[in-house]
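Let's take a walk through this protein together, one stop at a time. Have a look at the sequence and the fold first, and then we'll go through the parts.

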Amino acid sequence: MGMHGHWRRMIGDEDEEYERRSPDRVLIGRLLRYIGRFRRRALMLVLAVLANTAFNLLPPILFMMAIDRYIKNLDALGLTLLGGAFVAVSLVTFAAQFAQRYLINWLGSRMEYDIRMDMFRHLQRLSLRYYARREVGSIISRVTNDVDKISELVTSGLVSVITDIVTLVGIVAIMLWMNARLSLITFTVIPMIVAFMLLWGRRVRAVYRRTRRTIASVSAKIEESVSGMREIQSFSRETATRREFERANISNMEANVEASRIMSAFWPAVNIFSAVGNCLVLWFGGTAVMRGTLTVGVLFGFMSYLNRFFWPIRDLSMFWNNVQSAMAAAERVFGILDTEVEIAEKPDAVELPRIEGEIVYEDLTFGYDPDHPVLRDINLTIKPNTTVALVGPTGAGKTTMINLLYRFYDPQKGRITVDGHDLRDVKLETLRSQMAIVLQDPFLFSGTIKENIRYGNPDASDEEIIAVAKAVGAHEFIQDLPEGYETDVRERGGRLSMGQRQLVSLARALLADPRILIMDEATSSVDAYTELIIKQALEKILRDRTSIVIAHRLSTVRNADLIVVLDEGRIVERGRHEELIKRGGLYSKLYEMQFKYEPAEETEAESVASDAVRDG
Ligand SMILES: Nc1ncnc2c1ncn2[C@@H]1O[C@H](COP(=O)(O)OP(=O)(O)OP(=O)(O)O)[C@@H](O)[C@H]1O
Ligand SMILES: [Mg+2]
């Protein structure tokens, strides 16, 4: 825990903050817009529901007619015809019900699809800063669990709510038509029910919000533990991790139990109102029948409708609860969709043509947290088609320089230009597509090696793929794999060693044939022999493009056209290798230190590699 735990809690609070913002009206309006896209189907659905409801309301009237008109007058033929009508009605109902169920499920599935697509699209535009502050699992939970919850509301709830409202209106009309006095007596329970629902609803909403949040935290914990299983097992942290998971899981269970406790009071309460209504009708209606002012048939019909009157009310209160739960989910979904895109392109952003590759950092100051700059007053010009090395101690800000060049973040002060264009004025895709990066811990997607190399240039032929693999010295190990280039590297490239992943990623970058090539500790995990093969290959590859190389092993950057030394966010030295060594500053110290400890290995490997290259 410690700092980390505190950080997490801050994130949680921030999320909570959001959830209090949107009123139901707004959320429901936004959700309905997803259905509104399919007007024709929605209209057909409403028609089916109306037909269905109308037919459902018929039977008690038929029964009433049977009792008062046919049974009372001993009319057997009429009774038979009426029975036939009853069956006919049920057949028509079948068709309407089929249409209703099918259409609502179609709309629900489609809505789920649309919301997920919208979320995914938006997630792709959010800045890395957003991701640095969120738990992956919590985001996943929003895209899966919460969207599920919403579509469930639509599929199970929407039809019943229309049915219920139409039924209620229909029944109220029929009851009034049958006997106005008795109806008005019955309706006195309605205000009681409404008041009860409003009061209870607030608590239901609060408790459902807790269920949504706790299930998200369960997902987050699972995600983190699964990704970090190796660390967990190797540090024997299973018990502690399990406890942490247990805590999240218990919170979720408690929230669910609490939700069902509150819900459990709901239904029986509606039953009480229904009993009161029945009691009123029995008493007033019954005495009216005794006095002869009401027929038995009407009393029977009235009682039947009365019970049907309470079904939709019970249903609606159930629906109300689902709405509460779904609204809590909707807030979380819209929380993502409403997150402002921090790195947004200007509407008049220019498309970069093929760039020369001149990069200028001007008076640049930047901090991930604006109050704590990690880069200060950076001024650096990188000429086209040159190779610049960024070196310096851990945490100096080297990777941050690259993050800014990709415009993953915007600087607080100053700017970066590429070929004279401020990064904030260009279409990002036209810039990024001309850059390629190789990282220390490259991310490979599940799929074959071939697919992963092709990632940077989807049109490349197999021959080109093999050529770049050969150029970076990856061909050899790939061929030794059981299925060669068709080997599935599995999620995140888990099947390959770190060095192998670096080689694949290097091949991927070269295949993209970028104008700007960036290598951030790209060869830190390959052996010295392979590194030298790469180095010799790179001399050719780096020549006709702008390259930025970050490396702790200074032997790999010795030939750079310009070496820039960063320390605590500032450029402290710059120049060519020989100049910097002569100057005797930070660079020469770092360099000396390395060679004191590993000179022998270096020279030996170098000669072996040169031999290998000469032979091959
Ligand atoms: N996403 C982030 N959020 C907040 N601070 C960050 C983030 N990434 C890096 N930092 C901080 O910025 C500073 C510079 O980090 P950077 O990654 O640029 O260092 P580096 O020079 O690449 O180090 P290394 O040689 O270890 O890769 C560090 O102090 C680090 O703690
Ligand atoms: Mg770094």
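This is a predicted model: local features need pLDDT of at least 70, side-chain atom pairs count only at pLDDT 80 or more; totals for chains, interfaces and linings use all residues.

Before we start, one term: two strands pair if DSSP finds at least two bridges between them.

Residues are numbered from 1 along each chain as its sequence is written, and chains are lettered from A and ligands numbered from 1 in the order in which they are written.

Back to strand 7, which also has a partner in strand 6 (residues 435-438): the two pair in the parallel sense over four bridges. Here Ala 436 stands opposite Leu 517 in strand 7. So is strand 7 buried or exposed? A residue is called buried if 20 or more other C-beta atoms lie within 10 Å of its own, exposed if 12 or fewer do, and partly exposed in between, with C-beta atoms placed from the backbone. By that count, five of the five residues of strand 7 (516-520) are buried. Both faces are covered, with Ile 516, Ile 518 and Asp 520 on one side and Leu 517 and Met 519 on the other.

Now zoom out. The protein chain is divided into domain 1 (23-337), domain 2 (357-434 + 517-522 + 542-616) and domain 3 (438-513); these bounds come from an automatic or database domain assignment. The C-alpha centres of domain 1 and domain 3 are 52 Å apart.

Helix 7 (residues 180-187) has Leu 182, Ser 183 and Thr 186 as its buried residues. Seen down the axis of helix 7, these buried residues fall within an arc of 100°, so they line one face of the helix; the arc is that of the directions from the helix axis to the C-beta atoms. There is a simple background to this: an α-helix has 3.6 residues a turn, so residues three or four places apart point the same way. What does the buried side of helix 7 pack against? The answer is helix 6 (136-178), helix 8 (189-227), helix 11 (266-291) and helix 12 (296-337). On the face turned away from the buried side, helix 7 carries the exposed residues Ala 180 and Leu 184.

Phe 334 and Leu 27 are 307 residues apart in sequence, yet 8.4 Å apart in space, C-alpha to C-alpha. Ser 236 is exposed, with 8 other C-beta atoms within 10 Å, and its phi is near 50°, a positive value in a residue other than glycine.

Four of them form an open sheet in the order 2-1-4-5, with antiparallel pairing. Its edge strands are strand 2 (375-382) and strand 5 (421-422), each of which pairs on one side only. Strand 1 (residues 359-366) and strand 2 pair over five bridges, and Phe 366 stands opposite Leu 375 in strand 2. In the loop between strand 4 (413-418) and strand 5 you'll find Asp 419. Asp 419 counts as partly exposed, with 17 C-beta neighbours inside 10 Å, and has a positive phi of about 50° although it is not a glycine.

Leu 405 sits in helix 13 and is buried, with 21 C-beta neighbours inside 10 Å. Leaving aside neighbours within four places in sequence, Leu 405 is in contact (C-beta atoms, placed from the backbone, within 7 Å) with Ile 359 and Ile 416.

Last stop: ligand 1. Which helix gives the most to the shell around it? Helix 13 (residues 398-405) does, with three residues. Among the residues around ligand 1 are Ala 132, Tyr 368, Lys 398 and Thr 399; a residue is near a molecule if its C-beta atom, placed from the backbone, lies within 6 Å of it.

Methods: Two residues are in contact if their C-beta atoms, placed from the backbone, lie within 7 Å.
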